[in-house]
Amino acid sequence: MKTLGYAAHSADTPLVPFHFDRREPRPKDVVIEILYSGVCHSDLHTVRNDWGGTIYPAVVGHEIVGRVIGLGSEAKQYKLGDHVAVGCLVDSCQECDQCHKHQEQFCRNGRTDTFNSPDRVDGSNNYGGYSRHIVVREEFVLRVPEALDLARAAPILCAGITTYSPLKRWKVGPGSRVGVIGIGGLGHMAVKLALAMGATVTAISRDTAKGADGTALGAQKVLVSADAEAMAAAAMSFDLIIDTVPVRHDLNPYIPLLDVDGMLVIVGQLGLVDEPNTAPMVLYRTGVVGSLIGGIAETQEVLDFCAQHNVLPECEMIRMDQINEAYERLEKGDVRYRFVIDMASLDA
Ligand SMILES: [Zn+2]
Ligand SMILES: [Zn+2]
């Protein structure tokens with residue numbers, strides 16, 4: 001099946017239109033016409049080969065919302081015209097203990113990512129959501145609830161699940177005291193989701209302006225990390241802190257903010273952080289842990305949760321041909337809070 005997308009051909013050239021073929025549907029496949037595609041920081045990291053291992057041409061994008069336009073002979077879960085979504089995963093072994101626990105992201109035999117990952121059947125490099133079509137096995141296709149605004153749903157597929165999963169795992173609910181460090185693509189979803197779960201939410205930010213953004217999103221409090229007095233006053237006042245900062249940083253100002261048994265969850269930075277002082281962890285049984293997206297069932301759960309609680313990402317809609325400019329702005333943190341590509345713009 002012929003299709004059109006936008007691809008990077010090297011780490012230092014802009015994305016350009018790219019004609020390629022999607023596979024013919026296998027028996028359990030769903031053929032999707034993509035309507036919207038969110039722009040995640042991982043897209044940019046992959047395009048620039050920041051993590052190594054990028055295979056070019058690279059078609060990225062793993063916040064995909066679309067419509068079913070074709071089905072394999074044995075695909076039963078969806079019908080033509082259904083509104084569906086695809087997130088960060090498109091396959092896994094389906095047989096290991098982690099897959100059986102609906103944690104396909106931790107598949108023992110290696111999860112299959114939506115882009116820059118080999119197809120489990122033919123070994124070809126996967127192309128993601130910056131394209132007109134995608135073909136995905138039905139077990140990895142999500143249903144978009146009717147109540148959800150299609151144009152704003154895409155960021156739930158990565159930014160949403162990445163923050164929802166730790167909020168659920170650490171049982172956030174009414175009365176929970178949640179801090180969110182960094183109010184960007186992930187952080188703004190963490191604020192909205194924690195509020196919808198009934199938590200008291202504090203936006204933690206280096207500067208007052210970004211903190212005020214947190215308040216605009218509904219956070220009850222703002223904590224400016226540069227304000228030493230305010231940080232001292234906030235000691236031991238959080239049950240859970242979601243740290244969305246995507247670069248190397250110092251955790252030591254934040255760990256003392258945790259109350260007994262509190263946890264700081266890293267969802268942004270993949271790699272080194274500055275050397276943490278274990279004293280507050282040992283003295284109050286607090287911890288630092290990481291978290292990676294979520295499984296397929298939990299991704300469906302967050303879509304349903306957002307529909308039920310009217311949680312919608314803040315999106316800036318762009319045309320496909322604005323992607324390179326969007327990346328430049330993303331690097332400067334100049335987006336409130338997620339770019340979403342209107343894929344209809346590919347036809348223009
Ligand atoms: Zn992502
Ligand atoms: Zn598995």
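Student: How many positive and negative side chains does the chain have, and how far apart do the centres of the two sets lie?

Tutor: There are 32 positive and 44 negative side chains, with 3 Å between the centres of the two sets. Keep in mind that this is a predicted model.

Student: How do I read the overall fold and its dimensions?

Tutor: Begin with the secondary structure: the chain has 10 helices and 17 strands. The radius of gyration is 20 Å, close to the 20 Å given by the globule rule for 348 residues, so the chain is as compact as a globular protein of that length. The C-alpha trace spans about 60 × 40 × 35 Å along its principal axes.

Student: What share of the residues count as buried, and what does the surface consist of?

Tutor: A residue is called buried when its relative accessible area is under 20%. In this chain, 54% of the 348 residues count as buried. The accessible surface comes to about 15,000 Å², and carbon and sulfur atoms hold 51% of that area.

Student: What share of the contacts joins residues 24 or more positions apart?

Tutor: Take the contacts in the chain with a separation of 6 or more; residues 24 or more positions apart account for 67% of them.

Student: Which residues coordinate the zinc ion (ligand 1), and through which atoms?

Tutor: C40 through SG, H62 through NE2 and C158 through SG coordinate the zinc ion (ligand 1), at 2.0 to 2.2 Å. Water is not among the atoms, so sites may look incomplete. The spacing of the donors along the chain is C-x21-H-x95-C.

Student: Why does C40 count as buried, and why does H62?

Tutor: The cut-off is under 20% relative accessible area. C40 counts as buried because its value is 5%, and H62 because its value is 8%.

Student: Is R22 buried or exposed, and what does R22 touch?

Tutor: Locate the residue before looking at its neighbours. R22 is in the loop between β2 (16–21) and β3. With a relative accessible area of 8%, R22 is buried. Leaving aside residues up to four places away in sequence, R22 touches M1, T3, Y127, G128, S131, H133, I134 and V135. As for T3, its C-alpha atom is 6.7 Å from that of R22, while the two residues are 19 apart along the chain.

Student: Where are the cis peptide bonds of P57 and Y337?

Tutor: Read omega, then find the segment. The bond from Y56 to P57 is cis, with omega near -5°, and P57 lies in the loop between α1 and β4. The bond joining R336 and Y337 is also cis, with omega about -10°. Y337 lies in the loop between α10 (323–331) and β17 (338–342).

Student: What is phi of Q94, and what is phi of D261?

Tutor: Q94 is not a glycine, and its phi is positive, near 70°. Q94 sits in the loop between β6 (89–91) and α2 (97–100), and its relative accessible area of 28% makes it partly exposed. D261 is likewise not a glycine and has a positive phi of about 70°. D261 lies in strand β14 (residues 258–266) and counts as partly exposed at 42% relative accessibility.

Technical notes. Residues numbered from 1 in each chain as written. Chains lettered and ligands numbered in written order. Predicted model: local features only at pLDDT ≥ 70, side-chain atom pairs only at ≥ 80, totals over all residues. Heavy atoms only, no water. Donors = N, O, S within 2.8 Å, 3.2 Å for Na, K, Ca; no water. Buried < 20%, exposed > 50% of the residue type's maximum accessible area, 1.4 Å probe, protein only. Helix = DSSP H or I, 4+ residues; strand = E, 2+ residues; numbered from the N terminus. Rg over C-alpha atoms; globule rule 2.2 N^0.38 Å. Contact = heavy atoms within 4.5 Å. Areas by Shrake-Rupley, 256 points an atom, 1.4 Å probe, with all protein chains shown as cover. Lys, Arg positive; Asp, Glu negative; His and termini not counted. Charge placed at Lys NZ, Arg CZ, Asp CG, Glu CD.
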